[in-house]
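Open the structure in your viewer and keep the selection panel at hand.

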Amino acid sequence: VNARRVALAVAVVLALGAGVGVLITVAVSAAAEIMTVLAAVLTTVVFAAGVAQASAADKSMPGEGRRRSLHGLLSAVLHGGAQGQETCVLAAGAGWRVMRAAARLMPPSVGGRWLGEAESFLAEAPAALARDAVRDYLATAPLVIVISWAAAISRWSQLAIRKAVR
Amino acid sequence: MAMRMTLQTQLIVQALLKDPARELYGLELSQETGLLPGTAYPILMRLENEGWVTARWEDIDPSAEKRPARRYYRLTASGATQASAAIAGARRPAGSALRRLAAEGDQA
């Protein structure tokens, strides 16, 4: 009778353990999915607002005024070299502001790197290419936000599962 | 997991494979491939995560150079091998599709 009770208790404990394990796994993957969907929704909303604002600002500022106003947006590094050249950070304008907002929606390490690369590209590209590049950066930013958060969440959940197993 | 070899991925990998020891930065990659940097970035991120590509920030003084540091990309040794194999096995557009695209380009 005792042996049966012990076997039953072991079976119950094992079943409970397995159940908790399954629940943790389901919860972690559900959380990852929810975060990804939230990131996508948030990105869409921010971009709809950002692009509308950028287009409005772009249309409302004619030629020289727009050019002058953009100087304030650039990092101190670029001021010396960019003035008087046909470089494109000047053409970035309101787009650059939206890009900075987009970078804040990425995991910090990815956002900093993405913005740094964009700044480097825009500082050297000719104006026409830079304008297209800003549009391209804005169009693909939601993808970068979603895949970078998905990668980060997947890394964190793998770490959490590994810790739980230990 | 096998790398998904889209046409854009193939363009980037081929540009890096031309001289695997050479480092390319964003503007050079864009000129070599015809891709805009926003499109190239997620692909490079994926290649870096898979260990095919290694990247580093240029070590300069931005105020002396009057430009921000570039980020250089280069294939790793194993990345070059895997990339060559992937390019060899990748699907290419049919000749007829390329001819049609070329004809459309001529008309435009």
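**Stop 1: the largest pocket**

Select the lining of the largest pocket: 26 residues, with Ile147(A), Pro42(B), Met45(B), Arg46(B) and Asn49(B) nearest the centre. Colour by element next: α5 and α6 of chain A, plus α1 (7-17) and α3 (37-49) of chain B, each give two or more residues to this lining. The volume of the pocket is about 620 Å³. By residue class, its lining has 12 nonpolar, 8 polar and 6 charged members.

Some ground rules. This is a predicted model, where local features need pLDDT of at least 70 and side-chain atom pairs pLDDT 80 or more, while totals for chains, interfaces and linings use all residues. Residues are numbered from 1 along each chain as written, chains are lettered from A and ligands numbered from 1 in the order written, and side-chain values use heavy atoms, without hydrogens and water.

Pockets and cavities come from a 1 Å grid over the protein atoms alone: a 1.4 Å probe fits in a cavity but cannot get out, a pocket is an open set with protein on both sides within 12 Å along at least five of seven lines, and lining residues have an atom within 4 Å of a point. Points join across faces, edges and corners, and volume is the space filled by probe spheres set on them. Helices (H or I, at least four residues) and strands (E, at least two) are DSSP runs, numbered from the N terminus. Ala, Val, Leu, Ile, Met, Phe, Trp, Tyr, Cys and Pro count as nonpolar, Asp, Glu, Lys and Arg as charged, the others, Gly among them, as polar.

**Stop 2: the cavity**

How many cavities of 30 Å³ or more does a search of the whole structure find? The search finds 1. Select Glu117(A), Phe121(A), Tyr137(A), Gly26(B) and Pro37(B), which lie nearest the centre among 16 lining residues.

**Stop 3: the interface**

Now show contacts (heavy atoms within 4.5 Å). They join 25 residues of chain A to 21 of chain B. Select Arg113(A), Glu117(A) and Glu124(A): in chain A they lose the most area to chain B, together 32% of what that side buries. The buried area (accessible area, 1.4 Å probe, lost on being put together, summed over both parts) is about 2000 Å², 70% of it from carbon and sulfur atoms.

Finish on Arg113(A) and Glu48(B), whose side chains form a salt bridge at 3.8 Å, N to O. The rule (side-chain nitrogen of Lys or Arg within 4 Å of a carboxyl oxygen of Asp or Glu) finds 3 across this interface.

How values were computed:
Buried area = accessible area lost by both parts, 1.4 Å probe.
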